[in-house]
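Dear colleague,

Please find the structure below for your records. My notes on selected residues follow it.

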Amino acid sequence: HFGVSLRNLDYGTLESRDETGALIGYYHPSDVSLMANYAYRLGPATYAGISGGVMYQKLGTASSYGVHTDIGFSILPPFTNSVLSFAVRNVGQSSKMNMVETRLPVTMEADLSKKWQLEQGSLIVELSGIKAVDAELKGVVSTQLEVLNHISLRCAYKLNHDAEGLSAGLGIKVGKLDINYGWADFDTQLDDVHSFGLAWRF
């Protein structure tokens, strides 16, 4: 398997204020990441993959760039339609922004998923554990209902996260084109997050 992805996180227009709180203008921060990945089947029940890419971040008049990679491994347990995966993410280096270096949030992840075939589609349930360096263990419980192999309804709940909780999404397949929408609820600091994605399978 080979793939390329481009991600752009748009924060919208934010206010810029001085030390007294007076409005002095506006700025439009953004995060962009370009990645390529390659996965290989090692045996009948084992897979390995690696992703690598470059990223760019702009915040007001300051900017930063970096390189990062993810490494993953999956096995098929002796249970029908189940997958057990392990991954190390965000290994890399970034440049300084305003003379301050930001370390990438290296994380270790484990996922166990199970799929049930239904008469008109399928149901997938997944349990995930995420451990970042210098952070507590976090979890995610997620599910995906596929209808007629063209529509996917998704829902997830994040455990032990500071502000994140419930999220939901919708996926539509049109030929080789995948159209995806996601929504995530934030309790504090941020408004609800909406994401859109397009994928072409070849």
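Asparagine 149 is exposed, with 58% relative accessibility (exposed means over 50% relative accessible area, buried under 20% and partly exposed in between, with a 1.4 Å probe and protein chains only). The model is predicted: local features need pLDDT of at least 70 and side-chain atom pairs count only at pLDDT 80 or more, while totals for chains, interfaces and linings use all residues. Residues are numbered from 1 along each chain as its sequence is written, and side-chain values use heavy atoms, with hydrogens and water left out.

Asparagine 149 lies in the loop between strand 12 (138-147) and strand 13 (151-159); strands are DSSP runs of E with at least two residues, numbered from the N terminus. The phi of asparagine 149 is near 60 degrees, a positive value in a residue other than glycine.

Asparagine 90 also has a positive phi, near 65 degrees. This residue sits in strand 7 (residues 82-94) and is partly exposed, at a relative accessible area of 25%.

Serine 30, in strand 4 (residues 30-43), is buried at 19% relative accessibility. Beyond its neighbours within four places in sequence, serine 30 has contacts (heavy atoms within 4.5 Å) with Asn8, Leu9, Tyr11, Tyr56, Gln57 and Lys58.

Glycine 171 belongs to strand 14 (residues 164-174) and is buried, with a relative accessible area of 2%. Residues up to four places away in sequence aside, glycine 171 touches His150, Ile151, Ser152, Arg154, Ile179 and Asn180. Its C-alpha atom is separated by 18 Å from that of serine 113, 58 residues apart along the chain.

Yours sincerely

How values were computed:
Helix = DSSP H or I, 4+ residues; strand = E, 2+ residues; numbered from the N terminus.
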